[in-house]
Amino acid sequence: MRGDRKDGRLVRDDADPMHLFIPYIMPMRSESEVYLNETVDVTNLLAFLEKKNENAVEGSFHMTMFHVVVSAVSKTILHRPYMNRFIAGRRLYQRDVVTSSFVVKKRFKDEGEEGVMILKTDGDSTLDQVAHKIYGDVKETREEGNSVDGVLKVLKKCPRFVLRFFMRLLIILDYFGKLPAGLLAVDPYHTTVMLSNLGSIKCPAPYHHLINFGTNSIIITIGEMKKARVLMPDGSEEIRSVMDLGVTLDERIGDGFYFARSVKLLRHLL
């Protein structure tokens, strides 16, 4: 319909007037951030993964905590569709698909290059499908790279004034929803959620800012697992395995009540 974009439908009738007006008060995504820090008990989840991988051969596919988190985040967003909204050109849009992006470190060294991977999921996507897709794409990205790598290698050779003009052009096209579909398909800044698995390098889950360019409204950082004293439902205390999640949201796509219930659902799924 008129007003829609390639990557989203204009929210017309089911948005309250306040949320339609907020982008004019806070036009930048970086000034509309809400940060939530959530600690999740993953003791049972670790037992599940151990059982899932008990017959896996060393060097072959293993399901990991990251696979589960990506799957749970995707399923949460599918059940909580406001989390799949974004602001562009001071208008509110709804995506039809859930897309997750994350950085792949090609070599675990200081000078190791990074690649970007984008995953699409829908209501029929299962945990096994998501895990195998991530495993296969990460392996391919580390070995062969992807289309984004090739474009960036060309652009980095351009003088600064060309890069500034190119970036300015992209911002204008994005404002009016005229970016090429091919670019939208490979750009991590035009995905539903960006994830950063810092637990894999023994790092806690920090706050991560949102990006003004693009349409990404959610960034989630995953911290390393640790032991902590947890109060159980019966009032007793146990030493359990826990994991911190840092969730940064664009507050213009929903309200605190909606965000809180969405995070509660994510905890339940995990």
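Colleague: What is the handedness of the crossing in which α3 passes α8?

Modeller: This is a predicted model, in which local features need pLDDT of at least 70, side-chain atom pairs count only at pLDDT 80 or more, and totals for chains, interfaces and linings use all residues. Residues are numbered from 1 along each chain as its sequence is written, and side-chain values use heavy atoms, without hydrogens and water. Helices are DSSP runs of H or I with at least four residues, and strands are E runs of at least two, numbered from the N terminus. A crossing is left-handed if the near helix is turned anticlockwise from the far one by less than a right angle, and right-handed if clockwise; that of α3 and α8 is right-handed.

Colleague: Which residues of α8 do Ala-72, Val-73, Lys-75, Thr-76 and His-79 in α3 meet?

Modeller: Contact means heavy atoms within 4.5 Å. On that criterion, the α3 residues meet Ser-262, Leu-265, Leu-266 and Leu-269.

Colleague: Is strand β9 largely enclosed or open?

Modeller: Buried means under 20% relative accessible area, with a 1.4 Å probe and protein chains only. Eleven of the 14 residues of β9 (residues 237–250) are buried, so the strand is largely enclosed by the rest of the structure.

Colleague: How many bridges join strand β8 to β9?

Modeller: Two strands pair if DSSP finds at least two bridges between them. β8 (residues 218–231) runs antiparallel to β9, and Val-230 stands opposite Glu-238 in β9. The bridges joining β8 to β9 number twelve.

Definitions and conventions:
Buried means under 20% relative accessible area, exposed over 50%, partly exposed in between (1.4 Å probe, protein chains only).
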